[in-house]
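Welcome to this short briefing on a protein chain.

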Amino acid sequence: MKPEERNFQGIWIPRAIYLNTEVNWYAKILFLEIHSFTENGMECYMSNKYIASFLHISERQVSRYISQLKSLGWIEETSFNGRKRFLRSLIHFGYDTGDPDMTLIAWKH
């Protein structure tokens, strides 16, 4: 998927993911990338090669992190055609953030 094909504004890291000690940060970032697609109703289809390039890790590590996330029940593989793996998040988060805090940093024009 090309970056211009989705309205990507960043990734919010839920407390449960941020504080989780079962996976490392590469796996967390991979999960959040998958989640950012599927939470918006889109399929997440990325080859291991693309994910490896994006995260600057090996394709073997990508396979290991995907397996780890699947075994934890964070994601599921919906299909795999030998080149592209279709994944989706199985976790849903509530975003009750309350009132925004004031910041001491002012935007400069």
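Let's begin at one residue: Leu87 is buried, because its relative accessible area is 3%, and buried means under 20%. Keep in mind as you explore that this is a predicted model.

**Leu87 and its surroundings**

- You can find Leu87 in strand β3.
- Which residues does Leu87 touch, not counting those up to four places away in sequence? They are Ile34, Thr38, Cys44, Ile66, Ile75, Glu76, Glu77 and Thr78.
- Look at Glu77 in particular: it is 10 residues from Leu87 along the chain, and the two C-alpha atoms are separated by 4.5 Å.

**The chain as a whole**

- The protein chain has 4 helices and 3 strands.
- Of the 109 residues in the protein chain, 32% are buried.
- The accessible surface of the protein chain is about 8100 Å², and carbon and sulfur atoms account for 52% of that surface.
- Now consider contacts in the protein chain with a separation of 6 or more: 54% of these are between residues 24 or more positions apart.

**Helix α2**

- Helix α2 covers residues 25-38, which is 14 residues. From its first C-alpha to its last, α2 reaches 20 Å, close to the 20 Å expected at 1.5 Å a residue.
- At the start of α2, Asn24 uses a side-chain oxygen to reach to within 3.0 Å of the backbone nitrogen of Tyr26.
- Is α2 mostly covered or mostly uncovered? It is mostly covered, with 11 of its 14 residues buried.
- Among the buried residues of α2 are Ala27, Leu30, Phe31, Ile34 and Phe37, and the list also includes Lys28, Glu33 and His35.
- What do the buried residues of α2 pack against? Their partners are the helices α1 (15-18), α3 (48-55) and α4 (59-71), together with the strands β1 (44-46), β2 (75-80) and β3 (85-89).

- Glu33 lies in helix α2 and counts as buried because its relative accessibility is 5%, with the cut-off at under 20%.
- Gly10 is 23 residues away from Glu33 along the chain, and the C-alpha atoms of the two are separated by 9.7 Å.
- Thr38 also lies in helix α2. Its relative accessible area is 18%, so Thr38 is buried too.
- Beyond its neighbours within four places in sequence, Thr38 is in contact with Cys44, Leu87, Arg88 and Ser89. That brings us back to Leu87, which has Thr38 among the residues it touches.

**Where α3 meets α4**

- The helices α3 and α4 pack at an angle of about 100°, and their axes are 8 Å apart. They are therefore roughly perpendicular to each other, as angles of 65 to 115 degrees are counted that way.
- At this meeting place, Asn48, Lys49, Ile51 and Ala52 belong to α3, while Glu59, Val62, Ser63 and Ile66 belong to α4.
- His56 sits in the loop between α3 and α4. With a relative accessibility of 70%, His56 counts as exposed, because exposed means over 50%.
- His56 has a positive phi of about 60° although it is not a glycine.

- Asn20 lies in the loop between α1 and α2. Its relative accessible area is 14%, so Asn20 is buried.
- Leaving aside neighbours within four places in sequence, Asn20 is in contact with Lys28 and Trp74.
- Ile91 is located in the segment after β3. It counts as buried because its relative accessibility is 19%.
- Ile91 contacts Phe31, His35, Glu39, Gly73 and Trp74, leaving aside its neighbours within four places in sequence.
- Phe31 and Ile91 are 60 residues apart in sequence, and 9.8 Å apart in space from C-alpha to C-alpha.

Note on methods: Residues numbered from 1 in each chain as written. Predicted model: local features only at pLDDT ≥ 70, side-chain atom pairs only at ≥ 80, totals over all residues. Heavy atoms only, no water. Helix = DSSP H or I, 4+ residues; strand = E, 2+ residues; numbered from the N terminus. Expected span 1.5 Å × (residues − 1). Buried < 20%, exposed > 50% of the residue type's maximum accessible area, 1.4 Å probe, protein only. Contact = heavy atoms within 4.5 Å. Polar contact = N/O pair within 3.5 Å; in protein donor to acceptor, adjacent residues only side chain to side chain. Areas by Shrake-Rupley, 256 points an atom, 1.4 Å probe, with all protein chains shown as cover. Axes fitted to C-alpha atoms, helices over the stretch in contact; angles between N-to-C directions. Parallel < 35°, antiparallel > 145°, perpendicular 65-115°, else oblique.
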